[in-house]
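Subject: Structure handover

Hi,

Here is the structure I promised to pass on to you. Please have a look at it first, and then read my notes below.

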Amino acid sequence: SSSSSSSSSSSSSSELSIEAKLAKMEMDIERQSDDYEPKFTIMGGKGGVGKTSSSASLAVHLAKNYGFKVAIVSTDPAHSLGDSLRYPLDGELRNVPGVDGLYAMEVDTQDALDQLRTAVKDMVQSTKENGGGSGGFDLVGQLKLEEFVETLETPPPGADELVALAQMLKIIKKGTPDDGSPFDHVIVDTAPTGHTLRLLSLPSFLDKFFERLKKVRDKVSGASTLLSMFSSSSSSSSSSTYDEPEVIEKVDRLQNLQNSIQKVTDLLSNKDKTQFCIVTIPTVLAVAETERLVASLQEQHIQVKHVIANQVVTSSEESKSAYLSSISEEQQGMMGEIQNLADAKGLNVVKVPYFDAEVRSVFGLKILGDVLFPPVPAATTK
């Protein structure tokens with residue numbers, strides 16, 4: 001079995017282009033670093049513009065053409081990644097049949113949010129039961145913790161996706177599910193633009209709650225005790241003077257979540273490891289939404305280099321009907337807008353033709369990937 005796997009790996013490696021082999025060698029060297037992390041590409045844009053197809057084709061392209069270990073994760077509550085890959089997915093990362101090195105999952109954003117609600121409710125209840133919710137020491141009331149619990153019953157848009165991203169990072173850090181090998185690339189297929197924009201403002205919203213949580217620690221246990229409670233060895237430490245380990249456990253759980261959310265925030269702004277790729281189509285509404293998204297991402301110091309203009313109708317002989325001519329005329333105008341935006345913001349535009357059939361399955365995604373990511377011409381010497 002191991003010899004067959006080795007032979008398969010050797011065979012796929014020999015099929016890589018020189019460019020791909022060099023890129024893979026560079027990634028192999030990077031992996032030796034103690035602080036190694038995979039590269040993240042976050043795909044965003046308006047609903048219905050082809051984000052999932054573009055995300056999946058990029059993942060297939062990197063795995064098949066470069067031999068990279070790639071994870072593609074959907075955080076869109078209305079998942080369609082499994083449909084695109086023609087492979088049923090759930091909250092577990094699993095290998096996609098037919099593509100060595102490609103793993104996929106659809107994060108259950110609702111479940112992720114439910115876990116946050118439960119953790120907050122447990123902490124508030126535990127604080128009440130252990131002297132923080134009655135008499136002159138009404139921490140729950142003073143810090144308005146129950147108001148936050150009520151807010152989470154109807155959370156702001158994007159909260160579910162932010163918590164799901166935090167969960168996703170933990171899973172990715174474990175490496176491939178079969179042998180724990182580190183990933184080279186992680187592709188994130190996100191919810192539509194509105195969700196993404198609100199997600200970017202959520203860390204500050206949650207920080208207010210975690211600041212209240214810190215006050216609970218300070219008032220309940222005292223500063224020295226809290227330091228031991230929230231150290232990495234808090235669960236095994238015997239120096240804590242607070243005699244309610246249940247409260248410590250509840251607060252630790254939320255502290256871990258805060259750390260995970262902070263990692264998401266850090267990741268989004270890490271220009272060495274993360275880039276945001278916008279997918280759009282050449283229509284008035286889509287271009288307007290793209291402009292808003294680019295502006296918001298740049299305000300948040302999130303790197304965005306590429307815009308994929310999808311469903312572009314060319315002016316070839318086959319496109320001469322009155323209907324297609326009308327669409328083509330509108331798209332040409334909007335492509336000018338996309339190009340102006342790209343020129344102004346220093347973005348690269350990739351044009352994808354309008355396919356006559358929905359792009360599905362690994363075979364179809366491979367074709368789309370070849371269009372999206374054409375091979376780089378070999379360097380010429382004079």
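What percentage of the 382 residues of the protein chain count as buried? The answer is 45%. Please keep in mind that this is a predicted model.

Some totals to start with. The protein chain holds 14 helices and eight strands. Its accessible surface comes to about 19,300 Å², and carbon and sulfur atoms account for 50% of that surface. If you take the contacts between residues at least 6 apart in sequence, 74% of them join residues at least 24 apart.

Next, the strands towards the end of the numbering that I looked at. Strand 6 (residues 274-280) pairs with strand 7 (residues 304-312) in the parallel sense, over five bridges. Within that pairing, Phe276 stands opposite Val304 of strand 7. Helix 12 (residues 284-299) belongs with these two strands: strand 6, helix 12 and strand 7 make a right-handed β-α-β unit. Strand 7 also runs parallel to strand 8 (residues 348-353), and five bridges join the two. Here Ala309 has Lys351 in strand 8 as its bridge partner.

Helix 8 (residues 159-173) deserves a look too. Just after helix 8 comes Gly175, with a positive phi of about 85 degrees.

Why does Ser74 count as buried? Its relative accessibility is 0%, and the cut-off for buried is under 20%. The side chain of Ser74 makes a polar contact with the side chain of His79, at 2.8 Å. Leaving aside residues up to four places away in sequence, Ser74 touches His79, Leu81, Met105, Glu106, Val107 and Asp189.

Happy to talk any of this through.

Best wishes

Key: Residues are numbered from 1 along each chain as its sequence is written. This is a predicted model: local features need pLDDT of at least 70, side-chain atom pairs count only at pLDDT 80 or more; totals for chains, interfaces and linings use all residues. Side-chain values use heavy atoms; hydrogens and water are left out. Two strands pair if DSSP finds at least two bridges between them. Helices (H or I, at least four residues) and strands (E, at least two) are DSSP runs, numbered from the N terminus. A crossover is right-handed if, with the strands pointing away from the viewer, the path from the first strand over the helix to the second runs clockwise. Buried means under 20% relative accessible area, exposed over 50%, partly exposed in between (1.4 Å probe, protein chains only). A polar contact is a pair of N or O atoms within 3.5 Å; within protein, one must be able to donate a hydrogen and the other to accept it, and residues adjacent in sequence count only if both atoms are side-chain atoms. Contact means heavy atoms within 4.5 Å. Accessible areas come from the Shrake-Rupley method with a 1.4 Å probe; for residues, only the protein chains shown count as cover.
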